[in-house]
Protein chains: 2
Amino acid sequence: MQKEISQAVIRRMPRYYRYLGELLDAGVERISSNELSVRMKVTASQIRQDLNNFGGFGQQGYGYNVQYLYEEIGKILGLDRQHNIIVVGAGNMGQALANYVKFEKRGFMITGLFDVNPALAGLSVRGIEIHMMDELPEFVKHQRVDIAVLTLPKEKAEQAAEQLVKLGIRAIWNFAHLDLELPDDVVVENVHLSDSLMQLSYNIVRRQDNE
Amino acid sequence: MQKEISQAVIRRMPRYYRYLGELLDAGVERISSNELSVRMKVTASQIRQDLNNFGGFGQQGYGYNVQYLYEEIGKILGLDRQHNIIVVGAGNMGQALANYVKFEKRGFMITGLFDVNPALAGLSVRGIEIHMMDELPEFVKHQRVDIAVLTLPKEKAEQAAEQLVKLGIRAIWNFAHLDLELPDDVVVENVHLSDSLMQLSYNIVRRQDNE
């Protein structure tokens, strides 16, 4: 049993992973928290505190071994295992996500798309078949599904999410514009694009008011 | 000149806006911070504090007038004006975003898509033309552009962002998987999908470890 780590810390971990990956690509072997701090524009003390949540990884006077830290953070983020993903909602956004090959490099394998629109039945995106929603129970009986991506309109999302949970899927990456009400043991991560756009809009207006 | 409000508060405002919109649709005329608190699963004191940043809006013993609060938060978020948007990168994600009609209902009008891929030249998405990147200077000379959506691969995103800023665009909705280095007066809002997926993955692994 791990100690509870705040979601604020977790939100920063993929960014560490990304920067360390870039350092690795650039052939950098070790880095101090101060150097990393300058690159990432967070304080060195924040970096040390964040990493100490997982036991440290740094060595006084040496700094961090980039390769080692990259791999350890990858493990923390669960990137050392394969996650099978289905995309529920094969509209524009669902298809765009299914076309992202970069997810696969991190072990996120999209194994099927699902939709209710009969016009999409049997079509495929990058070789991944689009199934009809009523084929879902049979699909999950035969294939492990770790994550369902929900790219349905708001009106259809709640019901689909409940169906997914009933079928035993316990992690949802939710792109629908609502907060899902699901049992506590279901992990949900939201991507609310409209919220993000409104936050941008707020910052534009504030800048204009300040000029 | 407004007082500086923390981005944490700002991040919560679109969610208030969304819930108030749902209440309005359901015909609810007023609501107490306690009732809103139960629905939104945040404390009533958090709601009062957040809204007090903008001057309150509530009345002791009456609660909030839903319509009024909805409109006021809309104004705070800049939804009372039109934002002209171009999408730079007309690949899968760019096209998916251009197909979102819901953005338009909030005043976010997509006026053009841009790409370097000659195969896309002259095509259009939902009636919005795909231009080549070298047409961009002429385009921004004749049309106001408030926001550029950056849906390019990481490798091309930095240079495109710099070009956009040189052309006078000062707000970027960044979907590319990197942190842009831009002048301070350029407003950037990031949607890092991989980061979000890794956060989900972390929470899956943590739940498994706790079982």
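How many cavities of 30 Å³ or more does a search of the whole structure find? The search finds one. This is a predicted model.

## The cavity

The largest cavity holds about 30 Å³ of space. Its lining includes I85(A), V87(A), L97(A) and F103(A). I110(A), V149(A) and W173(A) also line the cavity.

## Two copies, one rotation

Chain A can be superposed on chain B by a rotation of 180°. The shift along the axis is 0.0 Å, and the RMSD is 0.0 Å. The two copies are thus related as by a two-fold rotation axis.

## Where the chains meet

Chain A gives 72 residues to the contact, and chain B gives 72 residues. Of the interface residues of chain A, 100% are also interface residues in chain B, so the copies meet through the same surface.

How much area do chain A and chain B bury between them? The value is about 6,500 Å². Carbon and sulfur atoms account for 55% of it.

## Polar and charged links

There are 12 salt bridges between chain A and chain B. A salt bridge joins the side chains of K102(A) and E155(B), at 3.8 Å from N to O.

Polar contacts also link the chains. Between chain A and chain B, 33 residue pairs are in polar contact, counting pairs with both residues at pLDDT 80 or more.

Conventions. Residues are numbered from 1 along each chain as its sequence is written. Chains are lettered from A and ligands numbered from 1 in the order in which they are written. This is a predicted model: local features need pLDDT of at least 70, side-chain atom pairs count only at pLDDT 80 or more; totals for chains, interfaces and linings use all residues. Side-chain values use heavy atoms; hydrogens and water are left out. On a 1 Å grid over the protein atoms alone, a cavity is a set of points where a 1.4 Å probe fits but cannot get out, and a pocket is an open set with protein on both sides within 12 Å along at least five of seven lines; lining residues have an atom within 4 Å of a point. Grid points are joined across faces, edges and corners, and a volume is the space filled by probe spheres set on the points. Copies are superposed by least squares on the C-alpha atoms of residues with pLDDT of at least 70 in both. Contact means heavy atoms within 4.5 Å. Buried area is the accessible area (1.4 Å probe) that two parts lose on being put together, summed over both. A salt bridge is a side-chain nitrogen of Lys or Arg within 4 Å of a carboxyl oxygen of Asp or Glu. A polar contact is a pair of N or O atoms within 3.5 Å; within protein, one must be able to donate a hydrogen and the other to accept it, and residues adjacent in sequence count only if both atoms are side-chain atoms.
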